[in-house]
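User: Could you walk me through the aromatic rings in this one, please?
Analyst: Gladly, let us look at the model together.

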Amino acid sequence: MELGISMFGDNRMDLATGKFRPAGERLTELLEEIKLMDEVGLDYFGIGEHHRPDYVVSSPEIILAAAATITKRIKLGSAVSVISSADPVKLYQNFATIDLLSGGRAELMAGRGSFIESFPLFGYNLQDYDALFAEKLDLLLAINKNDRVTWNGKFRASLDDQQVLPRAVNNDLSIWIAVGGTPQSVVRAGKLGLPLMIAIIGGSPAQFKPLFELYKKTYLEHGHDPSQLRVGIHSHALFGDDDAVLSKEYYPLYAAQMDRVGRSRGWPPYQRTQFDFGKSKNGALFIGEPEAMVEKILYMQEQFGLTRFAAHMDMGAPSHKMLMKSIEIYGTKIAPKIRTALGEN
């Protein structure tokens, strides 16, 4: 099982002024954090795409290109690229370039995104939400398979034997599908034989087991190689040496971000009881001390047959110091024990 980290580039608000701190400060910290992930031996880093003031990354490709020059072995991907509002030709070119810069370590995780700002920003109609994703994914996969592409669609100009360059290492860019829990999206990934990442950020992860079973059933029914099946989860996480101290410092930040998002979606205010349940064995939060996190990650791996676990680590904009400590603990105290338990050392 690969052990990695995803982030969105959450930015901290100054409560006195109501303004977010300069984006450049958070971007500089972000690169330092990615460099440490590589140094402590984590397997994967993913960065999200957003177009909001509380996140500083609108172009994952630029962050990943910078990270490629300061890392040696860690895989570098998006988490996610909102392909519905992107141009698949340019998206492929950008990620193929990262793949070349990094020596074959780039990944593109395609998803719909959890926010809708990119649609009006790039001139797309939300009424076309599903059709846009299906068409853009079709073109992206066609480009990944063929360097010369002939293609017709509804939302983008057609391509007539057009060559798309540069090409990824080995002419094969790793493309994942990320979903939030929609069975139709899981079935699509299974039919196409694409690796699947399921976001589990609330409630009880056990509720998602039917989706994993549906994906594996669909994947195998469509003749894909069982040895190549890859499936992972993305869940909110933060690690510390003292659970009580960590929770005391992190809960206000986490709750504030949940409330910022929740206000636009009609959610009730986030409660401490939700946080505490999420931290329990049957909850979706991976927040706590190393030993407890080793047990919980292994429990999830056993339940779902995971080949990747992504700890989403900057939800609510914890400080750079907290993140660096969390990354260090993950790489030096949690990952080695998980790998030993799984016989991977």
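Analyst: A charge sits over a ring if NZ of Lys or CZ of Arg is within 6 Å of the ring centre and within 35 degrees of the ring normal. Arg272 lies in that way over the face of Tyr251, at 5.0 Å from the ring centre, and the charged end of Arg265 sits over the ring of Phe115, 4.7 Å from its centre.

User: What should I know about the model and the numbering?
Analyst: The model is predicted, so local features need pLDDT of at least 70 and side-chain atom pairs count only at pLDDT 80 or more, while totals for chains, interfaces and linings use all residues. Residues are numbered from 1 along each chain as its sequence is written, and side-chain values use heavy atoms, with hydrogens and water left out.

User: How many aromatic pairs are there in the whole structure?
Analyst: The search finds 12 aromatic pairs, where rings of Phe, Tyr and Trp (its six-membered ring) pair if their centres lie within 6.5 Å, and planes under 30 degrees apart count as stacked, over 60 as edge-to-face and the rest as tilted. In one of them, the rings of Phe212 and Phe304 have centres 4.3 Å apart and planes at 10°, so this pair is stacked.

User: Are Phe212 and Phe304 buried or exposed?
Analyst: Both Phe212 and Phe304 are buried (under 20% relative accessible area, with exposed over 50% and partly exposed in between, using a 1.4 Å probe and protein chains only).

User: And which residues form one aromatic cluster?
Analyst: That cluster is formed by Tyr250, Tyr251, Tyr254, Tyr270 and Phe275.
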